[in-house]
Amino acid sequence: MIEIEVTGGTKKQRQMALSLANYCVKKLMPRKRVLSIDIALRSISGESALGYCLKESRSDFSIEIEKRQSHRRLLETLAHELVHVKQYAQGELKGENCWMGKVVNPKNTDYWDLPWEIDAHGRECGLFCRWATWAGYADKPWAQDQRL
């Protein structure tokens, strides 16, 4: 059974986060049948990251997302962290330094060169855009990509 719970943030943030999480799980792990994800939308004070993914067990995960972001950035951050869930759940990422069976030392590798971060950053925008279209948000001003 797939269980996703979203806490914190505003009602609208929780609704969109739950919708995006369900969408991403179906896209990233269509055959996964047992998965539990707790998503906390909260203030992450004093931290440099906008979100975190923690593997609790083989099928249990916790995600924390900085709630004081724009809708788009919050949801892209969530999509990014859900890619990490997929990486852990499918055994691509093991521990904090084993990617696809090869040890990568995060202390000697720039963040942007870590293979699991390349994968997550590479997928976050596409997952968000596809979800926004599917969920009917693509025409909303906050869903538009102002970076182009």
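A disulfide is a pair of cysteine sulfur atoms within 2.5 Å. The legends below apply this cut-off to a predicted model.

View 1. Cysteine 125 is partly exposed, its relative accessible area being 24%.

View 2. Under the same criterion, the number of disulfides in the model is zero. Cysteine 53 accordingly takes part in no disulfide, and its nearest cysteine sulfur, that of cysteine 24, lies 12 Å away. Cysteine 53 is buried, with 17% relative accessible area.

**View 3. Packing of helix α2 against helix α3.** Helix α2 spans residues 71-89 and helix α3 residues 115-135. Their axes are 8 Å apart and form an angle of about 125 degrees, and α2 and α3 are therefore oblique to each other. The crossing of the two helices, α2 and α3, is right-handed.

**View 4. Residues at the contact of α2 with α3.** On the α2 side, the contact comprises Arg72, Arg73, Leu75, Glu76, Ala79, His80, Val83, His84, Lys86 and Gln87. These meet residues of α3, among them Trp116, Ala120, His121, Leu127, Phe128 and Trp131. By residue class, the contact of α2 with α3 contains ten nonpolar, four polar and eight charged residues.

Technical notes. Residues are numbered from 1 along each chain as its sequence is written. This is a predicted model: local features need pLDDT of at least 70, side-chain atom pairs count only at pLDDT 80 or more; totals for chains, interfaces and linings use all residues. Side-chain values use heavy atoms; hydrogens and water are left out. Buried means under 20% relative accessible area, exposed over 50%, partly exposed in between (1.4 Å probe, protein chains only). Axes are lines fitted to C-alpha atoms, for helices over the stretch in contact, and angles run from 0 to 180 degrees between N-to-C directions. Helices (H or I, at least four residues) and strands (E, at least two) are DSSP runs, numbered from the N terminus. Angles under 35 degrees count as roughly parallel, over 145 as roughly antiparallel, 65 to 115 as roughly perpendicular and the rest as oblique. A crossing is left-handed if the near helix is turned anticlockwise from the far one by less than a right angle, and right-handed if clockwise. Contact means heavy atoms within 4.5 Å. Ala, Val, Leu, Ile, Met, Phe, Trp, Tyr, Cys and Pro count as nonpolar, Asp, Glu, Lys and Arg as charged, and the others, Gly among them, as polar.
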